[in-house]
Amino acid sequence: MASDPNCIFCKIVAGAIPCFKLHEDADTLAFMDINPANEGHCLVIPKSHHPNLLETPPDVLGRVMASVHKVAAAVQKTLSPDGINLVQANGKGAEQSVFHFHMHIITRRVGDELKMNWGHKPGDMKAIGALAERIRGNVG
Ligand code: 5GP
Ligand code: ZN
């Protein structure tokens, strides 16, 4: 499996750095974002390293999307947001900051005024961990 020793998400896949895991299968991993744009913000990644959408094989994208479907349903069940955005950045101009393909699952509330480039504000790790446990319990 493709891996990059300098990639933070490859380190998470390898277990070298911790994450609040929500779901995993043979090819994908879902975990909480530690700088949440909104409550319940999480990420789904392929376990193999591909820098962006265009460099990710379509079959891998399909497996990531199946995992997104499962985890988004768990987030919906746990938090009952008014909506969910899937966001995915490619390249510096799109404000991509981690160059390992990932899908953002972001909860939305009516009137939350969340903008596309939401900035990275560190979340409350205790609250994120507690929420991860609740979402994990709803992954079908
Ligand atoms: P991008 O800016 O590439 O679209 O998204 C990268 C995301 O990865 C950001 O939302 C950022 O908060 C998140 N992130 C960066 N480093 C880590 C980390 O070490 N752990 C977790 N869980 N998320 C991270
Ligand atoms: Zn990687």
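1. The structure holds 1 aromatic pair (ring centres of Phe, Tyr or the six-membered ring of Trp within 6.5 Å; planes under 30 degrees apart are stacked, over 60 edge-to-face, the rest tilted). Phe 9 and Phe 31 form this edge-to-face pair, at 5.4 Å centre to centre with 80 degrees between the planes. Phe 9 belongs to helix α1 and Phe 31 to strand β2, so the pair ties together parts 22 residues apart in sequence. Helices (H or I, at least four residues) and strands (E, at least two) are DSSP runs numbered from the N terminus.

2. This is a predicted model, in which local features need pLDDT of at least 70 and side-chain atom pairs pLDDT 80 or more, while totals for chains, interfaces and linings use all residues. Residues are numbered from 1 along each chain as written, chains are lettered from A and ligands numbered from 1 in written order, and side-chain values use heavy atoms, without hydrogens or water.

3. Around ligand 1 there are 17 residues (a heavy atom within 4 Å), and Met 32, Asp 33, Asn 35, Ser 97 and His 104 come nearest. By class, the shell has 9 nonpolar, 6 polar and 2 charged residues; Asp, Glu, Lys and Arg count as charged, Ala, Val, Leu, Ile, Met, Phe, Trp, Tyr, Cys and Pro as nonpolar, and the others, Gly among them, as polar.

4. Ser 97 places a polar side-chain atom 2.6 Å from an oxygen atom of ligand 1. A backbone N or O atom of Met 32 is 2.9 Å from a ligand 1 nitrogen atom, and a polar backbone atom of Val 98 is 3.0 Å from a ligand 1 oxygen atom. The protein buries 91% of the 520 Å² that ligand 1 exposes when taken alone (Shrake-Rupley method, 1.4 Å probe).

5. Elements giving two or more residues to the shell around ligand 1 are α1 (8-14) and β2 (28-32). Helix α1 gives the most, with 3 residues.

Key: Polar contact = N/O pair within 3.5 Å; in protein donor to acceptor, adjacent residues only side chain to side chain.
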